[in-house]
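Please walk through the structure below from the whole chain down to single residues.

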Amino acid sequence: MTVTDREERVLQIIETARAKKARFRDKQITLAHGAGGKATQTLIEGLLVPAFGGETLAAMGDAGTVEIAGASVAMTSDSFVVSPLRFPGGSIGELAVNGTANDLAMAGARPRALTVSMILEEGLDASVLRDEVQAIADTARTAGVEIVGGDTKVVQRGLADGMYLCTTGIGAIDPRAQLSTGGIRPGDQIIVSGPIGEHGTAIMLARNQFDLDAEVESDTRCLWPAVDLLLDAVGAQLHCLRDATRGGVASVLNELARASGVSMVVREADVPVSPVVGAAAELLGIDPMYIANEGRLVAFVAPEATEAALAALRTVPGSEHAAAIGEARAEPPGMVMVQTAFGGRRVMDQLVGDPLPRIC
Amino acid sequence: MKYVDEYRDAQLGQALATQIAAAAQPDRHYKVMEVCGGHTHSIYKYGIDDLLPGNVELVHGPGCPVCVIPMGRVDDGIAIAHQPGVIFTCFGDMLRVPGSEHTLLDAKAQGADVRMVYSPLDALRIARENPDREVVFFAIGFETTAPSTALTLKRAKAEGIANFTCVCNHVTIVPPLRALLESPDLRLDGFIGPGHVCTVVGARPFQFIPADYGRPIVISGFEPLDILQSILMILQQLGAERCEVENQYKRVVPEEGNLRALEVMSEVFALRPHFEWRGLGFISQSALRLSDAYAEFDAEQRFPTPNVRVADPKACQCGEVLKGVIKPWECKVFGTACTPEHAIGTCMVSPEGACAAYYNFGRYARERAAV
């Protein structure tokens with residue numbers, strides 16, 4: 001056997017192993033399972049999807065869709081455990097509304113109604129609760145969603161770190177939208193709706209772990225107005241949407257490259273990063289592409305629709321700096337590559353560790 | 001960013017890449033080892049290897065401080081972390097390094113109070129804030145991080161902080177390099193020297209590489225232009241049949257090192273007779289313990305540890321991969337018994353290790369995207 005044959009055989013062993021369905025074999029849950037990277041993927045694909053079945057779930061969109069009385073309805077649920085509860089630019093209450101509304105928007109649905117469940121810790125200061133209830137009400141009003149139900153539970157001191165929130169939302173799928181996680185085609189352009197990494201950086205600095213001071217605010221915001229205008233501008237040429245929350249833009253690209261069977265090439269120099277986020281990431285040794293956002297979407301559009309999509313996005317407050325950052329390609333499927341600003345190329349892998357737990 | 005962007009200029013990078021291609025003789029294959037894990041990280045981050053001609057190959061060296069910690073030491077750390085009342089602190093990348101059965105992250109999930117810190121001083125602060133708890137710092141790293149551990153211990157002693165101890169895993173870079181160079185089947189042509197280590201120890205300790213082993217070494221900074229320039233300097237030495245220690249990182253590395261840091265280190269640390277390196281086995285006089293004057297801060301003396309040596313599996317060939325004798329895929333256990341999920345050897349432990357990179361990116365690591 002020649003050397004090349006041997007290498008080829010080893011590569012095939014690895015590729016067969018990787019193509020196998022993920023199996024959840026871990027003995028216990030660690031923080032990595034909540035980080036949005038490889039361990040989260042194994043948990044979802046190896047335990048949850050097989051157990052709950054269903055095509056909708058297997059598509060692994062940000063929201064599921066159900067047909068009710070002839071209408072396509074998007075439905076989703078999200079929990080919020082962020083620490084601290086308040087941070088520059090937002091709070092847990094704002095995240096709880098925007099996070100769920102955004103998951104609906106990414107499915108092409110106008111967010112319509114939410115339920116809110118609260119798990120409160122014994123001893124929580126009532127003024128903290130009042131502030132968050134107000135934040136939920138205000139954010140819902142801005143987003144145009146109605147709070148139609150909810151639940152409250154109180155657990156013993158020490159069991160909930162103040163409060164946890166869980167919101168469930170529904171909305172009708174917009175007839176202009178033809179979005180799917182598997183819908184990205186070679187040639188599609190990758191657009192981000194603004195500078196990345198601001199939410200994660202704001203939380204990191206708010207925790208005061210690093211003795212760093214900088215003016216950076218969470219980008220938490222409802223993305224439906226942006227989606228609405230995008231659909232108006234490019235309609236069915238918009239192939240897929242994701243909000244880049246946990247694990248950041250890098251994780252979104254990796255997930256979707258796998259789901260759509262395409263590769264992605266990112267031009268690092270074109271990715272919008274504010275100087276403050278760039279400097280904080282440099283100091284802490286973190287790549288902004290992996291930092292969480294709470295009000296940034298990644299859109300995949302047909303190449304001829306790129307300019308129209310960018311023009312539409314740039315009219316939306318908060319998306320003025322939307323940019324095209326790369327494109328989808330046919331080969332090699334499932335891989336994300338970066339053309340670095342320095343001129344080299346490398347693979348941008350899924351997140352393995354957790355740079356920062358409990359950011360949303 | 002000022003003083004950073006200047007060293008990341010893509011046009012200057014292209015110009016250096018062109019000079020490197022011109023300096024490399026087309027009929028010769030060059031293997032250059034970057035000794036330090038920090039260089040490996042920069043090479044990966046900026047895609048530097050992608051700018052090199054096909055016959056200039058970079059080999060990742062033994063300088064990743066996390067990867068070289070053997071399983072037995074991780075087990076000792078986990079045992080201490082599980083002691084009642086202990087707050088166990090370490091750098092973030094240490095959390096996922098596998099011991100014989102578990103990682104520190106697993107220990108945390110099992111109830112141990114394991115906390116990530118960015119500096120040993122943070123660990124000392126935690127000790128100050130929690131006088132009723134035992135705070136242990138798991139110190140790792142080469143001469144780069146050893147001075148900060150030493151200063152922290154000096155401060156702990158001066159303040160009389162009794163609930164702070166340290167598991168000292170500090171290692172030194174020269175012995176493993178010598179071990180690599182001693183190997184009769186070594187296939188390396190030159191070395192990119194560890195700039196950060198040299199800011200502490202200076203350039204002189206590396207004289208033995210050209211003097212005893214006839215290989216050039218260029219002490220390098222960590223920005224992409226630094227690394228490309230260092231590679232060019234190595235090729236120029238080889239082309240002119242020169243062989244010496246050159247200092248590309250003059251803006252930071254003084255010839256004699258940082259005498260003050262060396263002084264503090266010699267006060268706080270003492271040389272261990274030998275130390276085990278994951279993938280490389282026992283290397284004599286290659287690591288530091290706390291000196292007798294600082295014995296009261298030695299976690300290994302304060303807490304019971306299993307102190308069991310967990311042998312690297314015999315089939316593991318990390319040593320050969322590091323020496324450039326074999327490619328990752330030629331190792332007997334690569335991709336079967338040794339995978340990123342269940343790493344056996346040092347080259348698979350860190351995502352930037354030669355084997356992990358090859359495993360994750362496979363054929364695309366070489367072909368890469370046709371951007």
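**From chain to residue**

Chain A has ten helices and 14 strands; helices (H or I, at least four residues) and strands (E, at least two) are DSSP runs numbered from the N terminus. The radius of gyration of chain A is 20 Å, close to the 21 Å of the globule rule for 360 residues, so chain A is as compact as a globular protein of that length. That radius is taken over C-alpha atoms, and the rule is 2.2 Å times the number of residues to the power 0.38.

This is a predicted model, in which local features need pLDDT of at least 70 and side-chain atom pairs count only at pLDDT 80 or more, while totals for chains, interfaces and linings use all residues; side-chain values use heavy atoms, with hydrogens and water left out. Residues are numbered from 1 along each chain as its sequence is written, and chains are lettered from A and ligands numbered from 1 in the order in which they are written.

The pLDDT is the predictor's confidence in each residue, from 0 to 100. Chain A averages 91, and 97% of its residues score at least 70. Among the elements of chain A, the lowest mean pLDDT, 76, belongs to helix 1 (residues 3-19), and the highest, 98, to strand 8 (residues 189-192).

The C-alpha atoms of chain A fill a box of roughly 70 × 45 × 45 Å along the principal axes. Of the 360 residues in chain A, 51% are buried; buried means under 20% relative accessible area, exposed over 50%, and partly exposed in between (1.4 Å probe, protein chains only). Contact means heavy atoms within 4.5 Å. Of the contacts in chain A with a separation of 6 or more, 82% join residues 24 or more positions apart.

In chain B, ten of the eleven residues of helix 3 (residues 71-81) are buried, so this helix is largely enclosed by the rest of the structure. Among the buried residues are Met71(B), Arg73(B) and Asp75(B).

Thr152(B) lies in helix 6 (residues 146-159) of chain B. Is Thr152(B) buried or exposed? Thr152(B) is buried, with a relative accessible area of 1%. Apart from neighbours within four places in sequence, Thr152(B) is in contact with Pro120(B), Leu121(B), Leu124(B) and Phe164(B).

His342(B) sits in the loop between helix 13 (318-323) and helix 14 (346-349) of chain B. At 58% relative accessibility, His342(B) counts as exposed. In sequence, His342(B) and Glu101(B) are 241 residues apart, and their C-alpha atoms are 10.0 Å apart in space.
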